[in-house]
Amino acid sequence: MKDLHIISNVEELKERVLQFKLNKKIIGYVPTLGGLHKGHLKLIRFAKNNSDIVILSIFLNPIQFDSKKDFYTYPINISEDKKKIISEKIDVLYIPTIKEIFPERKIKRIKASKISKKLCGKYRKGYFDGVVTVLKKLFDQVSPNIAFFGEKDFQQVKVIQDLINKYK
């Protein structure tokens with residue numbers, strides 16, 4: 001049985017990813033905020049079927065929350081999340097700290113594409129900018145071949161597609 005390899009340090013993650021890439025492995029990446037549910041587990045299984053290596057991250061992104069209250073009351077429980085994914089036999093669980101994602105004192109935010117200003121984006125000030133800012137950081141750290149996202153939020157899917165197209 002494969003042990004769950006947990007990494008919280010970006011340098012260790014990059015070293016591990018480099019080894020996978022040197023072995024010509026296709027890296028699938030499932031970024032999450034935590035609070036894992038059946039939809040996440042289904043996404044993990046889909047990632048496992050479509051890549052050689054699966055890296056899942058849990059990072060509660062403070063800059064996508066409009067309210068500090070929403071951030072602090074988000075239903076995250078790392079030990080419960082670990083229990084849920086242990087049977088999924090993913091290769092790496094990446095749980096970075098805020099300093100690993102945002103080591104600089106002032107966070108340089110990325111502007112989300114124009115579609116972020118429509119639909120619910122009109123009412124979620126800064127949300128999509130926060131999402132794309134952290135995803136760009138995570139993509140740079142994980143360096144996946146494929147990223148896997150749920151599709152329940154059509155607008156978010158489009159914003160992320162625009163981010164990927166912009167930064168390749």
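**A parallel sheet and the helices packed on it**

Five strands make up an open sheet, in the order β1-β4-β3-β2-β5, and their pairing is parallel. Strands here are DSSP runs of E with at least two residues, helices are runs of H or I with at least four, and both are numbered from the N terminus. Two strands pair if DSSP finds at least two bridges between them. The model is predicted, so local features need pLDDT of at least 70 and side-chain atom pairs count only at pLDDT 80 or more, while totals for chains, interfaces and linings use all residues. Residues are numbered from 1 along each chain as its sequence is written, and side-chain values use heavy atoms, with hydrogens and water left out.

Within the sheet, β2 (residues 27-32) and β3 (residues 53-58) run parallel and are joined by six bridges. T32 has I58 in β3 as its bridge partner. Helix α4 (residues 78-86) lies across β1, β3 and β4 (92-94), at about 160° to β3. Such angles run from 0 to 180 degrees between N-to-C directions, and the axes are lines fitted to C-alpha atoms, for helices over the stretch in contact.

The largest nonpolar core has 29 residues, of which L13, I55, Y94 and I101 touch the most other members. A nonpolar core is a set of buried Ala, Val, Leu, Ile, Met, Phe, Trp, Tyr and Cys residues joined through side-chain atoms within 4.5 Å. Buried means under 20% relative accessible area, exposed over 50%, and partly exposed in between (1.4 Å probe, protein chains only). Two or more residues each come from α1 (10-22), β2, β3, β4, α6 (127-142) and α7 (154-167). Helix α6 gives the most, with nine residues. Leaving aside neighbours within four places in sequence, I55 is in contact with residues including L13, V17, Y29, Y94 and V142; contact means heavy atoms within 4.5 Å. A second, separate core of 15 residues includes L4, L43, I44 and F148.

Helices α1 and α6 pack at about 50°, with axes 8 Å apart. The two helices are therefore oblique to each other, as angles under 35 degrees count as roughly parallel, over 145 as roughly antiparallel, 65 to 115 as roughly perpendicular and the rest as oblique. V10, L13, K14 and V17 in α1 meet D140, Q141 and V142 in α6.

In the loop between α4 and β4 lies E88. Because its relative accessibility is 7%, E88 counts as buried. Not counting residues up to four places away in sequence, E88 touches L41, I44, R45 and K48.
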